[in-house]
Amino acid sequence: MRRLTAADRTRCSALAVSRDWGTEEKKWELLFELGEVYGVEDPGGDLIATSVLTRYGADLAAVSMVLVAKSHERRGFGTKMVRHALEQADGSCVTLHATQPGRPLYDKLGFKRFATVEAHLGTFDPTGANVGRSDEANAADYAEIARLDRDAYGADRAALLARLPQLAERIRVLRGEGGKLTGYGATWRNGETTVVGPVVAPDVAGARDLVTDLAVDAGGPVRMDIDHEGDDLSAWACGHGLQPTYSCTHMAHGRQVPMDQSRLHAPLMCALG
């Protein structure tokens with residue numbers, strides 16, 4: 001077990017491809033920049049397992065990219081990688097998005113389900129949606145965006161938000177009474193797909209308005225990972241051309257989850273919690 005560096009990024013991507021996860025170069029770049037990437041090598045030096053821990057202050061962290069080479073399946077490496085990440089988290093609430101095959105491992109390690117996230121993909125159809133309810137973000141908005149994000153996640157994600165203007169193609173905001181920001185959302189490009197996220201809004205109506213303005217000019221496939229616990233954003237997305245492709249379970253370990261789920265409608269990416 002060792003902490004990997006940016007020089008190992010291509011190897012991590014190759015391991016992900018071998019497990020049918022795709023290359024996702026922007027994701028790996030961001031995870032190496034913001035997180036702690038750990039790996040295990042076999043005696044020949046081949047990378048056979050990975051995990052990533054991304055910290056948000058002392059109270060919240062996310063585990064992701066728990067990958068094991070097919071040649072080393074069912075030998076305890078997945079358990080080893082997650083346990084190591086939990087040890088490094090040092091008592092923080094640790095969240096992750098579990099795929100169906102991975103769920104038994106996380107159940108065994110004491111993770112508890114608190115939400116379901118559904119990936120939606122398709123060509124966005126704005127027919128009947130409210131266009132123009134949000135504004136393009138400007139530099140003066142970023143401090144308020146950070147406040148909204150901190151209130152919704154219950155943790156300081158300043159390093160991630162500082163990176164957002166370079167990663168995102170678009171950032172839009174909702175303004176309430178007196179021009180005060182009440183929500184924000186962004187899009188970024190993953191290959192040919194426009195990913196909508198994060199989406200933080202006071203209610204589903206606000207989330208719809210943000211998503212509409214973010215996706216209306218995408219000009220190709222759009223993906224959004226919807227935390228659909230207790231709201232109907234998923235049904236609305238289906239009505240506008242974004243169909244569910246798969247779901248994963250949002251799970252937590254340790255402290256109580258600090259997130260305000262009523263305002264968190266989509267993550268930037270599941271790998272970041």
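Predicted model: local features only at pLDDT ≥ 70, side-chain atom pairs only at ≥ 80, totals over all residues.

Biologist: Let us begin with helix H2. Which residues of H2 are buried?

Modeller: Helices (H or I, at least four residues) and strands (E, at least two) are DSSP runs, numbered from the N terminus. A residue is buried under 20% relative accessible area, exposed over 50% and partly exposed in between, with a 1.4 Å probe and protein chains only. In H2, the buried residues are Lys 27, Trp 28, Leu 30, Leu 31 and Phe 32.

Biologist: What covers the buried residues of H2?

Modeller: The cover includes helix H1 (9–18), strand E2 (36–41), strand E3 (47–56), E4 and helix H6 (158–167). Here contact means heavy atoms within 4.5 Å.

Biologist: How many aromatic pairs are there?

Modeller: Rings of Phe, Tyr and Trp (its six-membered ring) pair if their centres lie within 6.5 Å; planes under 30 degrees apart count as stacked, over 60 as edge-to-face and the rest as tilted. By that rule there are three aromatic pairs. In one of them, the ring centres of Trp 28 and Phe 32 are 6.2 Å apart and the planes stand at 40°, so this pair is tilted. Both residues belong to helix H2 (residues 25–34), where they are four residues apart, about one turn of the helix. An α-helix has 3.6 residues a turn, so residues three or four places apart point the same way. Trp 28 and Phe 32 are both buried.

Biologist: Why is the pair of Tyr 106 and Phe 111 edge-to-face?

Modeller: The ring planes of Tyr 106 and Phe 111 are at 75°, with the centres 5.8 Å apart, so the pair is edge-to-face. Tyr 106 and Phe 111 are both buried.

Biologist: Where does the charged end of Arg 157 sit?

Modeller: A charge sits over a ring if NZ of Lys or CZ of Arg is within 6 Å of the ring centre and within 35 degrees of the ring normal. The charged end of Arg 157 is over the ring of Tyr 56, at 5.5 Å from its centre. Arg 157 also lies over the face of Tyr 153, 3.6 Å from the ring centre.

Biologist: Is Arg 172 buried or exposed?

Modeller: Arg 172, in strand E8 (residues 170–175), has 9% relative accessibility and therefore counts as buried. A polar contact is a pair of N or O atoms within 3.5 Å; within protein, one must be able to donate a hydrogen and the other to accept it, and residues adjacent in sequence count only if both atoms are side-chain atoms. The side chains of Arg 172 and Glu 136 make such a contact at 3.1 Å. Not counting residues up to four places away in sequence, Arg 172 touches several others, including Asp 135, Tyr 184 and Asp 213.

Biologist: Where is the place of His 72?

Modeller: His 72 is in the loop between strand E4 (60–68) and helix H3 (77–89), and His 72 is buried, with a relative accessible area of 14%. The side chains of His 72 and Ser 71 make a polar contact of 2.8 Å. Leaving aside neighbours within four places in sequence, His 72 is in contact with Asp 42, Ile 48 and Phe 77.

Biologist: How many disulfides does the count come to?

Modeller: A disulfide is a pair of cysteine sulfur atoms within 2.5 Å. The count comes to zero. For Cys 238, the nearest cysteine sulfur is that of Cys 248, 16 Å away. For Cys 248, the nearest cysteine sulfur is that of Cys 270, at 4.3 Å, and Cys 248 is in no disulfide. Cys 238 is partly exposed at 25% relative accessibility, whereas Cys 248 is buried at 8%.

Biologist: Which residues does a cis peptide bond join?

Modeller: The cis peptide bond joins Gly 197 and Pro 198, with omega about 5°. Pro 198 lies in strand E10 (residues 193–200).

Biologist: What is phi of Asp 20 near?

Modeller: Phi of Asp 20 is near 65°, a positive value in a residue other than glycine. Asp 20 is found in the loop between H1 and H2 and is exposed, at 67% relative accessibility. Arg 74, also not a glycine, has a positive phi of about 60°. Arg 74 lies in the loop between E4 and H3 and is exposed, with a relative accessible area of 86%.

Conventions:
Residues numbered from 1 in each chain as written. Heavy atoms only, no water.
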